[in-house]
Amino acid sequence: MKTLKRAAILAVVLAVAGAVAAIVAVASSPSGASALPLPHPTVSDYQFISAGTTPPTEAQCESVARTCFTPQAIQSAYNVGPLYNRSYDGTGMTIAIVDSYGSDTMAHDLHVFDQAFGLRPMCGEEGVTCAPGMPKFSELSLQGSPATVAQAGNGTHLEDKSAWALEVALDVETSHAIAPGANILLVHTPTAETLGVQGFPQMMAAEDYVVKNHLANVISQSFASAEDAFGSSQSLESMRFAYKDSAANGVTVLGSSGDSGTANATKQALVGQGPNTLIPYPSVEWPASDPLVTGVGGTYLCTDPTASTNQPRTKYVVPGIGAKCGSARFNPGGIYYEVAWTFSGGGFSHVFSKPSWQNALPAGSTAIGSMRGVPDVAFQASSATGALVYLSLPPDGNGSNVGDTGWYDIGGTSLSCPQWAGLVAIADQINGGGLGLINPGLYKIGADPGRYAADFFDVATGNTNQTNSSIPGYPATIGWDPVTGLGTPNAANLVPDLVNAVNGH
């Protein structure tokens, strides 16, 4: 943004303002009044582990009943190393991370993270001298960039800008950890408010600008809201233009499937004003439910949290640690590398019909009826087996920020989505450009028994995503299921195979 000429800045602002105004007119019309819900970050839980710039030890993490994964351990768990060995790391591609508000300290925090884990530095990090061929970190704030501080006074606190900062750090740091050669464009909007006309419209307008101006190959969205929270299918449809343009322009869009299992709310409760309004039946979250978006669910990752990149996938189970990884009931004898995450959003859309590419599923899959099944794929998500993230945004004193500078163990489908975006960036590099909608390719692989067995880790552990006793959940079955989708990636096999599948091979 800082490098744009003054005239270009004005043109950008006017273009986005016009797009937002048009959406607002739809959302504010009699048929769509107050119809747009709050887009909430899909960070489900976090735990402060240690201060300072040196990452905590695994013993420190296990002292609070968690395993904390280094970037290299995640690379090991999903077999990404062989891609790096072939110089496939996302070089030349760009991941757009879309979040509300951004973070004032992101350039600093990214540098600490990269230095701590020996990751490739990025042009745009604090203290890094740019050089030819270096991946770039940059930010785009088309609609203004307010400081990431808490909402003033005694308001709703649904707009506490600092509350999104941990989400931003998670998205940027973990996507870079998977695709260290890719550029990252942090796209942030100045609101997430819930009055019905600002949060989602501004996010979609910003994404559409990124697509139409060819600024990214893949978009990661770690925000969501229940389909049923929208006032009508029309009000939801008015938000889809960015995804239609993405598909037309070869841009892949991914979305977190949510962190409430099948139990979602129509509206986020105000601070101190009681619980959220529960939808009294199983529901899914949008944008992950959109057929033009790849929905990403989650797992508990039961592998070695301190493994090196090229170490073979190794089971790691400590009784009582890592939630269901360390559970004798859900992981008896430590037999699983992953367990389906209880809070992984998933189920069947109430808005979108089943797309044709979900007609053929792996043998043994949960059946998909007439409506779109969610999610499509999965990745590590539980904070009990989460990733280490560094944040230094100062506490604001109002309880809206995470509170301390240092290292956090974080989970949620906010963790799975940006890491999958990193894999897509690597696939784009192999392809020589953006793949666009990858869902048909994913399910083409899933329908071929040999390719499916080689390309995916099937998470058929039987655990369900029931999070409320009054709302039924779904079990994680063989093949596709409404908790982990097709499963998690065996990246060395899946990424190049996905390129072939999308291209009709």
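Predicted model: local features only at pLDDT ≥ 70, side-chain atom pairs only at ≥ 80, totals over all residues.
## Disulfides and their pairing

A search of the whole structure finds three disulfides, and when the bonded cysteines of the chain are numbered in sequence order, the pairing reads 1-2, 3-4, 5-6.

The link between Cys123 and Cys130 has an S to S distance of 2.0 Å and is right-handed, with 80 degrees about the S-S bond. Cys123 is buried, at a relative accessible area of 14%, whereas Cys130, at 44%, is partly exposed.

## Cys302–Cys325

Cys302 is bonded to Cys325, with an S to S distance of 2.0 Å, and the torsion of about -85 degrees about the S-S bond makes this disulfide left-handed. Both Cys302 and Cys325 lie in the loop between strand 11 (294-301) and strand 12 (338-340), so the pair ties together parts that are 23 residues apart in sequence.

Cys302 counts as buried at 0% relative accessibility, and Cys325 counts as buried at 3%.

## Cys417

Cys417 is buried, with a relative accessible area of 0%.

## Helix 7

Helix 7 covers residues 199-212, and because its 14 residues at 1.5 Å a residue should span 20 Å, the distance of 20 Å between its end C-alpha atoms agrees with expectation. The helix is mostly covered, with 13 of its 14 residues buried, and it is followed by His214, whose phi is positive, near 55 degrees.

How values were computed: Residues numbered from 1 in each chain as written. Heavy atoms only, no water. Helix = DSSP H or I, 4+ residues; strand = E, 2+ residues; numbered from the N terminus. Expected span 1.5 Å × (residues − 1). Buried < 20%, exposed > 50% of the residue type's maximum accessible area, 1.4 Å probe, protein only. Disulfide = S-S within 2.5 Å.
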